[in-house]
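Visitor: I should like to go through this model with you, one topic at a time. Could we begin with a term that we shall need?

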Amino acid sequence: MTGTTAGRADTATHRLPAWRAPAATRSNAVPAGAWWLWALGLATAASRTTNPLLLGLLVGVAGYVVAARRTDAPWARSYGMFIRIGLFVIAVRLLFSVFLGSPIPGTHTLFTLPEVPLPDWAKGVRIGGRVTAEQMLFALYDGAKLAALLICVGAANSLANPARLLKSLPGALYEAGVAVVVAMTFAPNMVADVLRLRTARRLRGRPTGGVRAVLQIGLPVLEGALERSVAVAASMDARGYGRTARVPATVRHTTNVLTLGGLLGVCAGTYGLLAAEGAGYGVPLLVAGLLAAMAGLRLGGARSVRTRYRPDRWGVRAWLIAGSGAAVAAAMIWAGTADPAALHPGVVPLTAPVLPLWPAAAVLLGLLPAVVAPVPPSPTGFQEQV
């Protein structure tokens, strides 16, 4: 009877529509690069607006995808930390506006602080003084933009496996990639150790707060994290990671020029896309930098003598995930040129922000990964596979 029931369940599973997201396995796992492209697309969209309604929608989209598709791996628990960092950024921005003032004029005074007299060479800078509702609202919008950008990047940290990201790196960046992956996995593992030790102390009836408890927990945590880092480095060295083949000096110099020049072009082009003033030169500079960097990485890959075991494959689902983030970024960039007032609500005079309909609909395209990405197993039966 049990076998018949299981057979019927298997038959029903095979009859599901092809567009339904399958269960996540090693063979159909989404490449880490797809998650990063999706998150960077949302971050680019967040950098193009100060409308709190759109920023809240972007954060909600990122949070829903993370809740629907993250695993119980250590790095997947970092999303809450990025939310707290975002709230801290907003609080710091508001405090700076209160105590250091703001160039935004305002007529609605909230309160007045004692102003510190400054010398003549510090004109334009003040400490204390009148605090208006306009300057506080401007600081809130500005801080919310940075917080949304950080939270979108945190979504990529929660969804992308750092080890799979390391496998996807070109050979020319492999040495730097090893250091980055070790650094990215150090903090989540340290947080997991802190939770484990605090739980153990709580079960033994020992205090988990206070300076003494922190000192007693901190030393084992740092010792364990250091031991894991040394073990990871030793295992990588034993497997030949980082070994390079001999190439002519001309090829090395050409590789360095193309790679460094291309990366500088990518940085300058990305800055142009994120800044409202550089939208004209941002795209061509970014494309030129990408082409030069890809050529340099292609040449630099000849130095690598390592082999790839089960490399990530970019299927239709991966392209849909990356494309959804790019579509959100492109729509927001175009909206910034077509209707900038909707993306940047005014604060002088005080006006309530309005949610623009079609940019909001474009942001909802970022929910596509929650539909097409493979469904991770339940936390009880999940075992992370690299």
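This is a predicted model: local features need pLDDT of at least 70, side-chain atom pairs count only at pLDDT 80 or more; totals for chains, interfaces and linings use all residues.

Visitor: Which residues of helix 3 are buried, then?

Guide: In helix 3, the buried residues are Leu-54, Leu-55, Leu-58, Val-61, Ala-62, Gly-63, Val-65, Val-66 and Arg-69.

Visitor: There is an arginine in that list. Why is Arg-69 classed as buried?

Guide: Arg-69 has a relative accessible area of 12%, and the cut-off for buried is under 20%, so Arg-69 is classed as buried.

Visitor: What does the side chain of Arg-69 reach?

Guide: The side chain of Arg-69 reaches the backbone oxygen of Ala-373, at 2.8 Å.

Visitor: And what is found at the start of helix 3?

Guide: There, a side-chain oxygen of Asn-51 comes to within 2.9 Å of the backbone nitrogen of Leu-53.

Visitor: What about helix 2, residues 32-47?

Guide: Its 16 residues should span 22 Å at 1.5 Å a residue, and its end C-alpha atoms are 22 Å apart, in agreement. Helix 2 is also mostly covered, with 13 of its 16 residues buried.

Visitor: Let us turn to charged pairs. How many salt bridges does a search of the whole structure find?

Guide: The search finds 1 salt bridge. In it, the side chains of Asp-142 and Arg-93 meet at 3.2 Å, N to O. Asp-142 lies in helix 5 (residues 133-159) and Arg-93 in helix 4, so the pair ties together parts that are 49 residues apart in sequence.

Visitor: Why can such side chains pair at all?

Guide: Side chains of opposite charge can pair when their charged atoms come close.

Visitor: Are Asp-142 and Arg-93 buried or partly exposed?

Guide: Asp-142 is partly exposed, with a relative accessible area of 28%. Arg-93 is also partly exposed, at 24%.

Visitor: Now the surface. Which residues make the nonpolar patch?

Guide: The patch, of about 710 Å², is made by Leu-95, Phe-96, Phe-99, Leu-100, Val-116, Leu-118, Val-125 and Ile-127.

Visitor: Which helix gives the most to the patch?

Guide: Helix 4, residues 79-100, gives the most, with 4 residues. Phe-96 has its place in helix 4 and is partly exposed, with a relative accessible area of 48%.

Visitor: How far is Phe-96 from Met-136?

Guide: Phe-96 and Met-136 are 40 residues apart along the chain, and their C-alpha atoms are separated by 9.9 Å.

Visitor: A change of topic: how many disulfides are counted?

Guide: The count comes to 0 disulfides. As for individual cysteines, Cys-152 is buried, with a relative accessible area of 1%, whereas Cys-267 is exposed, at 53%.

Visitor: One last residue. Where does Thr-270 lie?

Guide: Thr-270 lies in helix 9, residues 249-274. Thr-270 is partly exposed, with a relative accessible area of 32%. Between Thr-270 and Val-283 there are 8.0 Å in space, C-alpha to C-alpha, and the two are 13 residues apart in sequence.

Terms used. Residues are numbered from 1 along each chain as its sequence is written. Side-chain values use heavy atoms; hydrogens and water are left out. Patches are made of residues with over 30% relative accessible area and no salt bridge: like charges are joined within 9 Å, nonpolar side chains (Val, Leu, Ile, Met, Phe, Trp, Tyr) within 5 Å. Accessible areas come from the Shrake-Rupley method with a 1.4 Å probe; for residues, only the protein chains shown count as cover. A salt bridge is a side-chain nitrogen of Lys or Arg within 4 Å of a carboxyl oxygen of Asp or Glu. Helices (H or I, at least four residues) and strands (E, at least two) are DSSP runs, numbered from the N terminus. Buried means under 20% relative accessible area, exposed over 50%, partly exposed in between (1.4 Å probe, protein chains only). A disulfide is a pair of cysteine sulfur atoms within 2.5 Å. A polar contact is a pair of N or O atoms within 3.5 Å; within protein, one must be able to donate a hydrogen and the other to accept it, and residues adjacent in sequence count only if both atoms are side-chain atoms. The expected span of a helix is 1.5 Å times one less than its number of residues.
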